[in-house]
Amino acid sequence: MTHDEIRESIAAYALHALAADDARDVEAHLAACDDCRRELAAFEQTAASLAEGFRVAEAPGALRRRALAVARSERGVRPGWVWGAALAAAAAVILILGGVTVSLTQRLAALNGRVEAQTQALALLADPASRVVTLSGSAAGSVRFVFDPATGRGALVATGLRDPGPDLVYQLWLVAGATPQSAGVFRPASVVPLIVAVGVNFPRYQAVAISVEHGPNGAVRPSAAPILVGKLGGG
Amino acid sequence: MMHGAATVRGNLPWSTPVLGGCRPGRERSALARTTAPPALIALWLVSPARGSAVSLLNAEDDEALLARVAESDSRAFEALYDRYSGRTYSIAMGMLRDPVRAQEVTQDVFFAIWRGARDFDPTRGSGRTWILSVAHHKSVDALRRARRNPTVPLSETLANDTDVIEAAQARVDAGHVRRALEALSLEQRAAIVLAYYGGYTQQEIAQRLGVPLGTIKTRIRDGLIRLRSVLPAPSASPQGETVR
């Protein structure tokens, strides 16, 4: 495309209203054209004002920990590609924490989160394309992992897991080759099934495993042998 | 909610060594906190591991925080989260109408900020503009994925053009933005609302409205230029993004 043709699309680009291939053309041009970059900057500022148009909604309190986890786990480390994959997996995790409810707001947020995770697990269980893997090992309890390789959604459904002990948490790992990647930490809830929802590219992983780690954040690499393992099959 | 006693040790032979290390250390630090002399407490207050450091960060502007995030400063990242999570979640929730997806998008956005802060160029626009652009972009991507995925029930599988425009326009809640949009011609407003709030591409808009693509480009462009003159300039205060 010519400069003039690109220029006609800069406003739409600022609103994210270009198809992916058109957006790539514009980006290639922007890298080399100061005029178009200036033009884009002005349009983007107006677009940011449009962002104020949405109804104000409060981010659930429990989200903060999950969203910031990437920085905690990466502090001081130059990310290589393995790290990138692990962090992507960690960032995609929806984790429902029991037992850390301090205020009513947090309790409500935790409850909302749990309902959402249960909804996702129910949808997975109802979907004929989903696969179910039962984890086995040394720990008591019924722990199954249900996932849909096509959509990349999965959920760990656990009942009857015992409290791991003070200051300890269960940590869920996705295993690709010899590299376990954290998919989040959790503590068992006493009555209802505990559900940990996960969204990743499942064909990459051969197994899911659970180990016991220090709370509240778990470990970067498993520090102990897994107590439960389930094979995801495939490759 | 949690009643479980620590009766599980016997079942977890590999984990028992782990039990020893953690608690005594914690108790020691709690003790030190309550019995430390005033001078030590003062030192503890100004140490970067505590709240005063965060409040200093809160006085920094978005661009300074992004520069720190580019250097992997996790406290600056937290300060940015506290400043922009509400607005980001509002954008995602407004676009997707689904708390689970909105939370996923919010996480994606902050992941992108953490990894992409090095790409932020303060000579090309404010940090606020950059962050809100990332938030909208991720929300649009998620909305388009949801539309492609037929198993997701969307509230707006609407056939009628007017319905589609109204559904997109219903996402505009703030009075000052509504009034600014009313300053546009009907055609410009429809194009901009469908693009920004509806998440449609310019091709999709042209098809839906049955007008040439070039016309839609012109309406979006002229509409945005007009909006620029009627929308109030964004506030530049460091805490300007506190969502009530």
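In which helix of chain B is B:Y81 found?

A: B:Y81 is found in helix α5 of chain B. The model is predicted: local features need pLDDT of at least 70, side-chain atom pairs count only at pLDDT 80 or more, and totals for chains, interfaces and linings use all residues. Residues are numbered from 1 along each chain as its sequence is written, while chains are lettered from A and ligands numbered from 1 in the order in which they are written.

Start with the residue. B:Y81 is buried, as 22 other C-beta atoms lie within 10 Å (buried takes 20 or more such atoms, exposed 12 or fewer, partly exposed anything in between; C-beta atoms are placed from the backbone). Leaving out residues up to four places away in sequence, B:Y81 touches A:R64, A:A67, A:L68 and B:F110 (contact means C-beta atoms, placed from the backbone, within 7 Å). B:F110 is 29 residues from B:Y81 in sequence. In space, their C-alpha atoms are 7.4 Å apart.

Apart from residues up to four places away in sequence, B:I220 touches A:A11, A:A12, A:L15, A:A17, B:A191, B:I192, B:A195 and B:Q202.

B:S72 is not a glycine, yet its phi is positive, about 60°. Most residues other than glycine have a negative phi. B:S72 is partly exposed, with 18 other C-beta atoms within 10 Å. Chain A has a residue with positive phi too: A:H16, not a glycine, has phi near 60°. A:H16 lies in the loop between α1 and α2 (20-30) of chain A. A:H16 is buried, with 20 other C-beta atoms within 10 Å.

Two helix pairs come next. Helix α1 (residues 3-14) of chain A and helix α12 (residues 213-230) of chain B have axes that come within 8 Å and cross at roughly 65°. That makes α1(A) roughly perpendicular to α12(B) (65 to 115 degrees; under 35 is roughly parallel, over 145 roughly antiparallel, the rest oblique). A:E8, A:S9, A:A11 and A:A12 of α1(A) make this contact with B:K217, B:I220, B:R221 and B:L224 of α12(B).

Within chain B, the axes of helix α10 (residues 186-197) and helix α11 (residues 202-209) come within 10 Å and cross at roughly 130°. These two helices are therefore oblique to each other. B:A190, B:A191, B:L194 and B:A195 in α10(B) meet B:Q202, B:I205 and B:L209 in α11(B).

Last, chain B as a whole. Chain B has twelve helices and zero strands. Of its 244 residues, 39% count as buried. Among contacts in chain B with a separation of 6 or more, 61% are between residues 24 or more positions apart.

Note on methods
Axes are lines fitted to C-alpha atoms, for helices over the stretch in contact, and angles run from 0 to 180 degrees between N-to-C directions. Helices (H or I, at least four residues) and strands (E, at least two) are DSSP runs, numbered from the N terminus. Two residues are in contact if their C-beta atoms, placed from the backbone, lie within 7 Å.
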